[in-house]
Amino acid sequence: MHSSLQRLSSLREAFACALLGLRDGFSRRVIVFSLGLWVGAVALWAVLLVVGWSQAYAVAGFLTAWMLLGIFRVFPTWLPAETQAKLTDTSLAAGAQSLLGPVFGTLTGIVLALLILAAIYLTVRIAVEFWLMPIIREQVEKHYPPFPPKPPYSLIYSVTNIAKTGALAVLLGLPFLIIPVVNAVLIFVLFGYLNVRTLVNEALDGVASREEQRMIIRRIRVRMVFLGTVLGGVPAIPILGFMAPAWVGASTCHLCLRELRQLRVQTDSIVPSEARA
């Protein structure tokens with residue numbers, strides 16, 4: 001019962017932060033910067049795709065084959081003997097092509113289109129993390145009492161955080177893809193969580209110590225999952241989707257600063273008690 005109430009409270013908090021992020025992520029200054037980032041990302045990937053179209057199509061073919069038949073590559077004995085030979089004696093994509101024919105080509109095209117959209121979004125997201133988050137946090141901090149300054153995190157710390165998140169996405173994402181039926185849901189939740197988690201450093205940079213940051217991450221982990229899930233579908237909404245990274249950034253700032261404020265209140269109430277003891 002207690003855990004259910006905690007989850008319900010976390011869900012309410014996630015919705016509250018999402019609404020607050022909607023307010024602060026759509027200021028005029030943030031909108032102008034966001035649209036500029038989208039234009040730059042589209043131009044960058046247009047050039048990269050012209051140069052590396054065949055490589056991009058090969059990656060899409062592998063991921064499509066892995067989603068459809070990857071589980072049989074791991075457990076080939078689940079297939080009839082004559083089908084096993086088609087799948088195990090060649091590359092996974094070639095095996096899928098021989099088994100599925102034109103259907104595989106159509107699905108590969110769909111996956112390729114989704115990968116291109118995801119790459120553009122990811123590029124904007126990384127740009128938001130490094131260049132737009134200070135502007136977003138400045139907008140959000142207007143609604144909170146001033147926090148005592150702390151030493152800022154180093155650039156290496158931010159880059160390391162992105163690398164760790166990327167490794168986690170690959171290590172969990174690939175196994176999730178081969179789980180039938182629920183793979184789409186698992187990937188959606190995983191990347192929604194990571195979308196929020198990677199912004200925590202920038203949301204707390206200069207206002208929280210490393211120790212406070214670690215404590216906050218432990219305390220809001222479930223709320224990060226809910227917030228990422230709530231906002232995960234925003235990029236697919238026409239027009240509004242262009243502001244999705246800024247919206248997620250502002251919502252993450254609210255989530256982290258609210259928890260930091262609560263943590264400071266609790267810490268301040270404990271210290272006097274210990275002094276009296």
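This is a short chat about a few features of a predicted model.

Visitor: Which of them gives the most to the lining?
Guide: α6 does, with 6 residues in the lining of the second largest pocket.

Visitor: And what is the volume of that second largest pocket?
Guide: The volume is about 260 Å³. The pocket is lined by 14 residues, and the closest to its centre are Asn 161, Lys 164, Thr 165, Arg 197 and Ile 217.

Visitor: How does the lining of the second largest pocket divide by class?
Guide: There are 5 nonpolar, 5 polar and 4 charged residues in the lining.

Visitor: Changing topic. At what angle do the axes of α4 and α5 cross?
Guide: The axes of α4 (residues 92-100) and α5 (residues 102-140) cross at roughly 125° and come within 6 Å. Angles from 65 to 115 degrees count as roughly perpendicular and those over 145 as roughly antiparallel, so α4 is oblique to α5.

Visitor: Which residues meet there?
Guide: From α4 there are Ala 93, Ala 96, Gln 97 and Leu 100, and these meet Pro 102, Val 103, Phe 104 and Gly 105 of α5. The contact of α4 with α5 has 6 nonpolar residues, 2 polar and no charged.

Visitor: Last one. What is the phi of Ile 239?
Guide: Ile 239 has a positive phi of about 65°, although Ile 239 is not a glycine. Most residues other than glycine have a negative phi.

Visitor: Where is Ile 239, and is it buried or exposed?
Guide: Ile 239 sits in the loop between α9 (210-231) and α10 (244-276). Ile 239 is exposed, because its relative accessible area is 70% and the cut-off for exposed is over 50%.

How values were computed. Residues numbered from 1 in each chain as written. Predicted model: local features only at pLDDT ≥ 70, side-chain atom pairs only at ≥ 80, totals over all residues. Heavy atoms only, no water. Helix = DSSP H or I, 4+ residues; strand = E, 2+ residues; numbered from the N terminus. Buried < 20%, exposed > 50% of the residue type's maximum accessible area, 1.4 Å probe, protein only. Axes fitted to C-alpha atoms, helices over the stretch in contact; angles between N-to-C directions. Parallel < 35°, antiparallel > 145°, perpendicular 65-115°, else oblique. Contact = heavy atoms within 4.5 Å. Nonpolar A, V, L, I, M, F, W, Y, C, P; charged D, E, K, R; others polar. 1 Å grid on protein atoms, 1.4 Å probe; cavity = no way out; pocket = protein on both sides within 12 Å on 5 of 7 lines; lining within 4 Å. Points joined across faces, edges and corners; volume = space filled by probe spheres on them.
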